Amino acid sequence: MKTIAFIHSIDKISQDNWLAQFNTLLPDETIVLAEQLTDTQASQIELAIVANPSVDALKRFPNLIWVQSLWAGVEKIVDTFRLLNSEKEHPTQLVRLIDPYLAETMAEAVLTWSLYLYRNIPEYMQQQKQKVWNPIPCPNIETVQVSVLGTGELGTVSMEALVSQGFNVNSWSRGHKDIKNVTHYSEKEGLNSLLQKTDILICLLPLTDHTYKLLNKKTLGLLPKGAKVINFARGGIINHDDLINALDTGHLSHAVLDVFEKEPLTKDSPLWHHPKVSVLPHISATTNVETASKIVADNIKNFRINGAIPESVDLEKGY
Ligand code: NAP
């Protein structure tokens, strides 16, 4: 029997749910909660499964070879790993969750809310409140420019869904990306060109030092008048004051926000009752315990067989 530490700060029901899956899928492993291990035992552990681990909890495990996160986004723990690894001869590899089911779920959300904006549903909901009978012109779908920031696991599948729906799709990322029927942009100049032609902007970037408040007065100002924004990535990527300002002046016509710097969104946030904002409680693509635990278990089994560590997060880049 080999021991894997489960280091987390999730609630007990979620903890037990994950444990039940892992105990079934990994019968040759013993999965132990971090707090049940003495410091000596913790110092011998080479592999951990983590979900929002605290720095102090991780510090008790100096000899981890790699760590499997149960989430796709790692912005909350990247700094911790940079710090812990700076003192180590052999850095601990951080592996994030890459789950095709999660990507499909995100693609479904991207398509749903793009159609919601394209078919002017927010405006019709406002009109109904005021008993206004007013058909709003809807352009042909192939003339609508939808741009996705981030061409990673989630962005790529989302763009495929948008293309098959008939939208005119553009993408932006650091490197080059070839997605069928998608016009790709990169670099700062590429972002500026993309923004200027975008009707619906969708953010699927990771939150890093480079993407923090990337969408601000200047960049949002490059979007054509009446453009719409969807943020399904992380709240810190948009400057919400600048966004509200752009909505209030009529420069932008609507924003769908699933993620916020502070979650749950605080009760006093003006976003809650803004007529041009749709607020979602971080649900565009939630981790599916069944599919995710299978992927995590396969990663661990594979490592036990041949020592292969799954592709890990580039701590320098932050994603
Ligand atoms: P990923 O596979 O790591 O892809 C990230 C993409 O962003 C890559 O295409 C990367 O470019 C691009 N990128 C990163 N930094 C950039 C920069 N400074 N300039 C331009 N492009 C940049 O990530 P993913 O799995 O698709 O997930 C994306 C994010 O979605 C996660 O980090 C997480 O925050 C969020 N998420 C949200 C939910 C939700 O329910 N709302 C659920 C899961 C994940 P290159 O390809 O050129 O490297």
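**Close-up views of the predicted model**

**View 1. Asn 181 lies in the loop between β7 and β8.** Strands, like helices, are DSSP runs numbered from the N terminus, a strand being E over at least two residues and a helix H or I over at least four. The phi angle of Asn 181 is near 65°, which is a positive value in a residue other than glycine. The model is predicted, and local features therefore need pLDDT of at least 70 while side-chain atom pairs count only at pLDDT 80 or more, although totals for chains, interfaces and linings use all residues. Residues are numbered from 1 along each chain as its sequence is written, and side-chain values rest on heavy atoms, with hydrogens and water left out.

**View 2. Seven strands with parallel pairing make up an open sheet in the order β8-β7-β6-β9-β10-β11-β12.** Because β8 (182-186) and β12 (277-279) stand at the edges with a single partner strand each, one side of each is left without a neighbour in the sheet. From one strand to the next, the twist averages 15°. Two strands are said to pair if DSSP finds at least two bridges between them; β7 (residues 168-173) and β8 pair in the parallel sense over five bridges, and Asn 170 has Thr 183 in β8 as its bridge partner. Helix α10 (residues 240-248) packs on this sheet and touches β11 (252-257) and β12, its direction making about 140° with that of β11. Contact here means heavy atoms within 4.5 Å, and the angles, which run from 0 to 180 degrees between N-to-C directions, refer to lines fitted to C-alpha atoms, for helices over the stretch in contact.

**View 3. A cis peptide bond joins Glu 263 to Pro 264, with omega near -5°.** Pro 264 is found in the loop between β11 and β12.

View 4. An oxygen atom of the ligand lies 2.9 Å from a backbone N or O atom of Thr 151, an oxygen atom of the ligand is 2.7 Å from a polar backbone atom of Gly 175, and a ligand oxygen atom is 2.5 Å from an N or O atom in the side chain of Tyr 319. Taken alone, the ligand exposes 940 Å², and the protein buries 90% of that, accessible areas coming from the Shrake-Rupley method with a 1.4 Å probe.

**View 5. An open sheet of five strands, in parallel pairing, has the order β2-β1-β3-β4-β5.** Its edge strands, β2 (29-33) and β5 (93-95), each pair on one side only.

Definitions and conventions. A polar contact is a pair of N or O atoms within 3.5 Å; within protein, one must be able to donate a hydrogen and the other to accept it, and residues adjacent in sequence count only if both atoms are side-chain atoms.
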